[in-house]
Amino acid sequence: MNTKKYCAVLVGLGLVTLSACGSSDEGGKSESKTVTLVSHNSWAVSKDVLAAFEKQSGYKVKVLEDGDAGQAVNKAILTKDNPQGDVFFGVDNTLLSRALDNGLFQSYEAKGADTIKAGYRVDGDKVTPVDTGDICLNYDKAWFSEHKLQPPTSYDDLIKPAYKNLLVTENASTSSPGLGFLLGTAAKYGDDGWEAYWTKLKANGVKVVDGWEQAYNEEFSGSAGGKKAKADRPLVVSYASSPPAEVIYADPKPSEAPTGVVEGTCFRQVEYAGLLSNAKNSEGGKALIDFLLTKKFQEDMPLNMFVYPVVEGAAVPAEFTKYGPAAKDPETMDPAKIADNRDDWVKSWTSLVLK
């Protein structure tokens, strides 16, 4: 039976109301039971873990991956009045104030928020911390061995002649790791010193590309993708957890990671999820955010997105401890200082490095 035509006839005869017809429409039911997550390209979760949430909650999860984290945040802000989804995951501490200042999220305190480690909690209830990690320089072990050159150990090393034309980084205006690297240098050299540092880094041949995918998988010689593309940059801005990823995805698996981390160049990152303002399915969005704090998801996350859990008691895989431990003394910056200076720093960086 054509239920839409039948309903139209009943409405025309005055036997039912239009709202009554709408409530029985199967398409409306389907839409109300779908919750849409908007994220960056690194979102990943095991199928069985997601299936368990869908079965328990009754919501079907739709995922929209929208490029690098910086690009995804910018697009979410531009579409906030008619958002692409219900929940945004992947805004980090480098971009959080931009999202909050633009009213990207509505208030919601997630169930399980009290299990989040104290160091990662934020004021207010607009976002929920989900994971943490370190933005760090990675190096290609084989390249440095073949060229009989010691890998750099600090920001200072990168401006030395021995490392000329070896580094690729991401654009600080479009990429979360690129911005994290910029903030790391600002934390290291201060308001008056970071521009002079980047002037020297530019003179030493740093290459800038739009986002992490291009930098790591196309330009970096140490990645599986870089080897296939014959990339020639043995230094890249990536994550402390990238070496474990290289081991886990390799076939056959090597006895040690082919890449290493320059611990003297790390900046601590925290990623958040939030319920989007004007979300069409707020209840589904709340359920999804609650799920992100469950132990099941938190323990599944490291070997899928290669980040660390933020809730108390969530286990960290042995591969992380062996191949990519968190930095012992990463650079950090007060979120208020990031908020006050980020846009001006990015503008100055763009004029200095890209022109």
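The model is predicted, with an average pLDDT of 89 across the protein. Its secondary structure comes to 17 helices and 10 strands. Of the 355 residues, 50% count as buried.

**Confidence and overall dimensions**

- At least 70 is the pLDDT score of 91% of the residues.
- Residues 1-31 have a pLDDT below 50, and this stretch makes 12 contacts in the model beyond near neighbours in sequence.
- Where pLDDT is low, the predicted coordinates should not be read in detail.
- Taken along the principal axes, the box filled by the C-alpha atoms is roughly 85 × 45 × 40 Å.
- Among contacts with a separation of 6 or more, 75% are between residues 24 or more positions apart.

- Strand β7 (residues 207-209) runs parallel to β6 and is joined to β6 by three bridges.
- Within this pairing, K207 of β7 stands opposite V168.
- Strand β8 (residues 235-239) also runs parallel to β6, with two bridges between them.
- L235 of β8 is the bridge partner of L167.

**Helix pair α9 and α17**

- Two packed helices are described by the angle between their axes and the distance between the axes.
- Helix α9 spans residues 194-203 and helix α17 spans residues 335-353; their axes lie 10 Å apart at an angle of about 30°.
- Angles under 35 degrees count as roughly parallel, so α9 is roughly parallel to α17.
- The crossing of α9 and α17 is right-handed.
- On the α9 side, the contact is made by W194, E195, W198, T199 and K202.
- On the α17 side, the contributing residues are W345, S348, W349, L352 and V353.

**Helix pair α4 and α13**

- Helix α4 (residues 47-57) and helix α13 (residues 282-292) have axes that come within 11 Å and cross at roughly 135°.
- The two helices α4 and α13 are therefore oblique to each other.
- This crossing of α4 and α13 is right-handed.
- Helix α4 contributes V49, L50 and F53 to the contact, while α13 contributes A287, L288 and F291.

**Loop residue N165**

- N165 is found in the loop between α7 (141-146) and β6.
- The phi of N165 is near 65°, a positive value in a residue other than glycine.
- N165 counts as partly exposed because its relative accessibility is 40%.
- Leaving aside neighbours within four places in sequence, N165 is in contact with N204, G205 and R233.
- C136 is 29 residues from N165 along the chain, and the C-alpha atoms of the two are separated by 18 Å.

**Loop residue D66**

- D66 lies in the loop between β2 (60-65) and α5 (69-78).
- With a relative accessibility of 17%, D66 counts as buried, the cut-off being under 20%.
- Beyond neighbours within four places in sequence, the residues in contact with D66 are S39, H40, N41, Q71, A72, K75 and Q84.

- F306 is not a glycine but has a positive phi of about 55°.
- The loop that holds F306 is between α15 (302-305) and β10 (308-309).
- F306 counts as buried because its relative accessibility is 8%.
- The peptide bond from D251 to P252 is cis, with omega near 0°.
- P252 has its place in the loop between α12 (242-249) and β9 (259-276).

Note on methods: Residues are numbered from 1 along each chain as its sequence is written. This is a predicted model: local features need pLDDT of at least 70, side-chain atom pairs count only at pLDDT 80 or more; totals for chains, interfaces and linings use all residues. Side-chain values use heavy atoms; hydrogens and water are left out. Two strands pair if DSSP finds at least two bridges between them. Helices (H or I, at least four residues) and strands (E, at least two) are DSSP runs, numbered from the N terminus. pLDDT is the predictor's confidence in each residue, from 0 to 100. Contact means heavy atoms within 4.5 Å. Axes are lines fitted to C-alpha atoms, for helices over the stretch in contact, and angles run from 0 to 180 degrees between N-to-C directions. Angles under 35 degrees count as roughly parallel, over 145 as roughly antiparallel, 65 to 115 as roughly perpendicular and the rest as oblique. A crossing is left-handed if the near helix is turned anticlockwise from the far one by less than a right angle, and right-handed if clockwise. Buried means under 20% relative accessible area, exposed over 50%, partly exposed in between (1.4 Å probe, protein chains only).
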